[in-house]
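Here are my notes on this model. They cover strand pairing and the nonpolar core.

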Amino acid sequence: MTTNMAKLNTKAASKTHRVLLFGGPKTGKSLIAGQLAEYYNLIWVDMENGHETLFQLPPEWQEKIELINLPDTRSYPIAIETCLKMVKGSVSICEQHGKVGCMICKRVQTDRCKSTDDSIKHIEIGKELFTDVDLPNMNHNSVVVFDSLTQLSNSAIAFITKDQPDDYKLNYDDWGNLGKLLDIFLSHIQQAGYNVIVISHEIEAETEGKKKTLVPVGGTRNFSRNIAKYFDHVIYAERKNRKHIFASSTQYATNILTGSRTDVRVEDAEKASLLAIFKPELYPETAHKSEAGKEGKKTGKVGKLAAKATSTSASKAGDILAKLKAKQK
Ligand SMILES: [Zn+2]
């Protein structure tokens, strides 16, 4: 019985993809993710007010994008709270504050209900204040986009230090708690049976042999170095000769962290698209061509990606977590 269930889970999960898309500003990250609306319904969790790029898409695609705006600021770090609740289960998010089960908006809803006599209208008025999302039960025709992990990290820092003065410096425990919060969020993404794209920026981190590598931003520099392990595909976006380039192959560049569980080479497509990952049948040219010499390496990609990411034997973020856990006991 248990074996069958495990098999079913694996099968369901393989139909969906968890993608980390990172790169500098203005490298076309939001647009390439938004273009999936041609084939998918998108739930766009916007923490950066970056959804304006999506207005470049054809109107009929825009209609397939549900925007969830999280007005995250230093003094109101709502993104971390709402995103953690979203990945855990079914939630109702208010449009004004981006808060799950917001009491302020519920009160407004009740007050409005009192002010009119038409009972059907009450429900309609109430509904437009809240957006219902159920990520764990989302179907395969939908993709949720978190934009961005950079802002989510900032939100977590603001949340941890919210009662502190402006010039407060984070201590050892604070950094540990930041790692914990991000690990909870990313672990849920890792286990998710639905399609996810997490957008992030780039940071330079030292990997094996003090080699400098560009990795996705998330929490501390040490934590950032290990984020790739939570994802099936890590794609890098950059601008070269006024063109947007997107790369997913492990071999793309020695100083940039990239990789794909299914060996997709997004950079080989004539016109770059994330459909190379989500609908590979439409992009046969991006399928990994196995050469005779490379045959042996074929199965080792995920391991390789993880190895590249966790190259420093003792990840400090992991150490902090372990110590915190030990302390709590
Ligand atoms: Zn509200």
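1. Strands here are DSSP runs of E with at least two residues, numbered from the N terminus. Two strands pair if DSSP finds at least two bridges between them.

2. This is a predicted model, in which local features need pLDDT of at least 70, side-chain atom pairs count only at pLDDT 80 or more, and totals for chains, interfaces and linings use all residues. Residues are numbered from 1 along each chain as its sequence is written.

3. Start with S10 (residues 233–240) and S1 (residues 18–23). They run parallel, joined by five bridges. Alanine 237 of S10 sits opposite glycine 23.

4. S10 also pairs with S11 (residues 243–247). This pair is antiparallel, again with five bridges. Lysine 240 has lysine 243 of S11 as its bridge partner. Check the hairpin: two residues lie between the strands, and asparagine 241 has a positive phi near 50 degrees.

5. S12 (residues 259–260) runs antiparallel to S10, with two bridges between them. Serine 260 of S12 faces histidine 233.

6. Buried means 20 or more other C-beta atoms within 10 Å of the residue's own, with C-beta atoms placed from the backbone. The core has 72 residues; Val45 and Val145 touch the most other members. At least three residues come from each of domain 1 (17–88 + 136–328) and domain 2 (91–133). Those bounds come from an automatic or database domain assignment.

7. Which residues does valine 145 touch? Leaving out residues up to four places away in sequence, they are Ala33, Leu42, Trp44, Val45, Ile197 and Ile199. Contact means backbone-placed C-beta atoms within 7 Å.

Methods. Core = buried A, V, L, I, M, F, W, Y, C linked by C-beta atoms within 7 Å. Buried ≥ 20, exposed ≤ 12 C-beta atoms within 10 Å, placed from the backbone. Contact = placed C-beta atoms within 7 Å. Helix = DSSP H or I, 4+ residues; strand = E, 2+ residues; numbered from the N terminus.
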